[in-house]
Amino acid sequence: MKCKICRTDKFSVLYHGRIRTGGFGNLSDEKQTVYCCESCGAGFLPDAGFNYEAQEYREAVDGGAADVRMFQGLHDGEQAEKIAVTGTKGYRSAIIADIGCGGGSFLDFISGVAEETIAVEPCKSFQKDLARQHTVYSYVRDALDLWAGKVDLAVSFAVMEHVDDPLLFLQEIRRLIKPGGKVLVSTPNYDDWLLKFLPDIYESFFYRQAHQWYFNGRSMEKLAVYAGFKSVELVYKNRFDVSNALHWLRDHRPTGIGKMELFTELDCSYKSLLERSGRADFIYAWFTV
Ligand SMILES: [Zn+2]
């Protein structure tokens with residue numbers, strides 16, 4: 001076995017145990033091993049993945065069919081966090097691509113000021129709705145003929161952990177970008193403090209059939225170098241609050257955010273501490289072309 005990112009063949013074990021196969025509580029029958037490349041630090045789950053053109057995948061990820069209204073209901077609320085990371089500058093009159101855009105929530109919010117919004121999404125049942133507002137492709141390689149070297153910003157939120165070959169994935173995205181343009185990707189962080197603090201409970205939730213790849217800050221930086229980007233800047237985000245962590249500790253299950261108001265005042269300090277120390281649950285990475 002060779003790492004698809006750095007081509008070395010030395011691995012340690014990042015996790016060994018049952019993994020999540022759908023929503024909370026659905027676990028694999030057998031124990032699985034997530035390997036960690038000793039050179040680039042990327043985590044890898046062999047035999048992971050789904051057919052991303054099929055309904056089955058959306059059911060495993062979102063717990064329901066690939067319906068655009070359902071997608072919007074689940075994901076519209078998350079878009080403020082993304083726009084908080086990017087700011088609102090840089091969208092007006094720009095060419096923006098969203099790779100693995102699902103039902104297109106992010107593009108919908110910025111399409112009012114952008115010149116062109118390119119929706120790359122393999123799931124066929126989203127494509128008809130996406131095409132009403134955006135230019136649609138199944139894969140980045142399909143968009144290269146027309147858009148190579150022309151895109152100002154490509155974003156790809158929580159997609160890279162699903163793909164078969166993250167290096168090829170980023171190299172293809174890079175070809176879309178014009179000189180001086182940027183790529184923003186996000187992915188879960190395997191340095192998330194809860195993984196170390198609550199391993200037995202949280203690990204079998206975090207590691208999942210749908211995610212073939214696992215990254216932390218260091219492995220994202222290495223990946224950027226291998227993909228040929230000029231520079232990388234990491235922004236850690238902890239999406240969940242103190243209430244969520246306390247409920248994990250008490251109930252051993254996810255409860256979302258804001259379930260208890262007593263400690264709301266602590267949320268800012270809690271998130272800021274985790275984000276500064278790289279122990280937050282999510283990583284955004286800016287790559288410059
Ligand atoms: Zn590697």
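**The loop around leucine 266, and other parts**

Modeller: Leucine 266 is found in the loop that runs between α11 and α12, and please bear in mind throughout that this is a predicted model. With 13 other C-beta atoms within 10 Å, leucine 266 counts as partly exposed, because a residue must have 20 or more such neighbours to be called buried and 12 or fewer to be called exposed. Although leucine 266 and serine 243 are 23 residues apart along the chain, their C-alpha atoms are separated by 9.8 Å.

The loop between α11 (242-251) and α12 (267-277) also holds histidine 252, whose phi is positive, at about 60°, although histidine 252 is not a glycine. As background, most residues other than glycine have a negative phi. Histidine 252 is partly exposed, since 13 other C-beta atoms lie within 10 Å.

A positive phi in a residue other than glycine is also found at serine 93, where the value is near 60°. Serine 93 sits in the loop between α3 (79-86) and β4 (95-99), and with 10 other C-beta atoms within 10 Å it is exposed, whereas histidine 252 is partly exposed.

Turning to the strands, there is an open sheet of four strands in the order β1-β2-β3-β9, with antiparallel pairing. In that sheet β1 and β9 (213-214) are at the edges and each has a single partner strand, so one side of each has no neighbour in the sheet. Strand β1 (residues 11-17) pairs with β2 in the antiparallel sense over six bridges, and β2 pairs with strand β3 (residues 43-44), again in the antiparallel sense, over two bridges. Tyrosine 35 in β2 takes part on both sides, for it stands opposite valine 13 and also opposite phenylalanine 44 in β3. The strands β2 and β3 form a hairpin with five residues between them, and in the turn glycine 41 has a positive phi of about 85°.

The last part is a pair of helices, and two packed helices are described by the angle between their axes and the distance between the axes. For helix α6 (residues 140-147) and helix α7 (residues 166-176), the axes come within 9 Å and cross at roughly 20°. That angle makes α6 roughly parallel to α7, because angles under 35 degrees are counted in that way, and the crossing in which α6 passes α7 is left-handed. On the α6 side the contact involves Val140, Arg141, Ala143, Leu144 and Trp147, which meet Glu172, Ile173, Arg175 and Leu176 in α7. Sorted by class, the contact of α6 with α7 has six nonpolar residues and three charged ones, with no polar residues.

Conventions. Residues numbered from 1 in each chain as written. Predicted model: local features only at pLDDT ≥ 70, side-chain atom pairs only at ≥ 80, totals over all residues. Pairing = 2+ DSSP bridges. Axes fitted to C-alpha atoms, helices over the stretch in contact; angles between N-to-C directions. Parallel < 35°, antiparallel > 145°, perpendicular 65-115°, else oblique. Left-handed = near helix turned anticlockwise from the far one by under 90°. Contact = placed C-beta atoms within 7 Å. Nonpolar A, V, L, I, M, F, W, Y, C, P; charged D, E, K, R; others polar.
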